[in-house]
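User: I would like to learn how to read a strand and its surroundings in a protein model. Could you walk me through one?

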Amino acid sequence: DGDADPVRDFEQGVDTIDLPKWGAERLRDLDISLRNDSWVEIGYGDETLLVQVDDSAAFAFTSGDFLF
């Protein structure tokens, strides 16, 4: 939809981010970048999620964090 959607309660190993409607098929399809110390931006096409994390510099998404 072109608007960034925030995710404030993501817990790695507990939660998954559901992306089938985005059309991405694997982790490498996503544009993942650090926004600042506590936010990671995930993008694909015109879709964007902002995921709040404890320490963005030490945080790394894995394919298990997503449903494609």
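Analyst: Happy to. Let's begin with burial: buried means under 20% relative accessible area, exposed means over 50%, and partly exposed lies in between (1.4 Å probe, protein chains only). Strands (E, at least two residues) and helices (H or I, at least four) are DSSP runs, numbered from the N terminus. In strand 5, five of the six residues are buried, and the strand is mostly covered. This is a predicted model, where local features need pLDDT of at least 70 and side-chain atom pairs count only at pLDDT 80 or more, while totals for chains, interfaces and linings use all residues. Residues are numbered from 1 along each chain as its sequence is written, and side-chain values use heavy atoms, with hydrogens and water left out.

User: Why does T48 count as buried?

Analyst: T48 counts as buried because its relative accessibility is 18%. T48 belongs to strand 5, which spans residues 47-52. Leaving out residues up to four places away in sequence, T48 touches D3, A4, D5, W22, E41, I42 and G43.

User: Which strands pair with strand 5, and in which sense?

Analyst: Two strands pair if DSSP finds at least two bridges between them. Strand 1 (residues 4-7) runs parallel to strand 5, joined by four bridges; here P6 stands opposite L50. Strand 4 (residues 39-44) pairs with strand 5 in the antiparallel sense over six bridges. Among the partners, Y44 is bridged to E47 and G43 to T48. Strands 4 and 5 form a hairpin with two residues between them, and G45 in the turn has a positive phi of about 60 degrees.

User: What is the strand order in the whole sheet?

Analyst: The order is 1-5-4-3, in an open sheet of four strands with mixed pairing. Strand 1 and strand 3 (31-36) are the edges, each pairing on one side only.

User: And how do I read a nonpolar core?

Analyst: In soluble globular proteins, nonpolar side chains tend to be buried together. A nonpolar core is a set of buried Ala, Val, Leu, Ile, Met, Phe, Trp, Tyr and Cys residues joined through side-chain atoms within 4.5 Å. The largest one here has 14 residues, and those with the most contacts inside it are I17, I42, L49, V51 and F61. Strand 4 and strand 5 are the elements that give two or more residues to this core. Not counting residues up to four places away in sequence, I42 touches partners including I17, L49, V51 and F61, as well as T48.

Technical notes:
Contact means heavy atoms within 4.5 Å.
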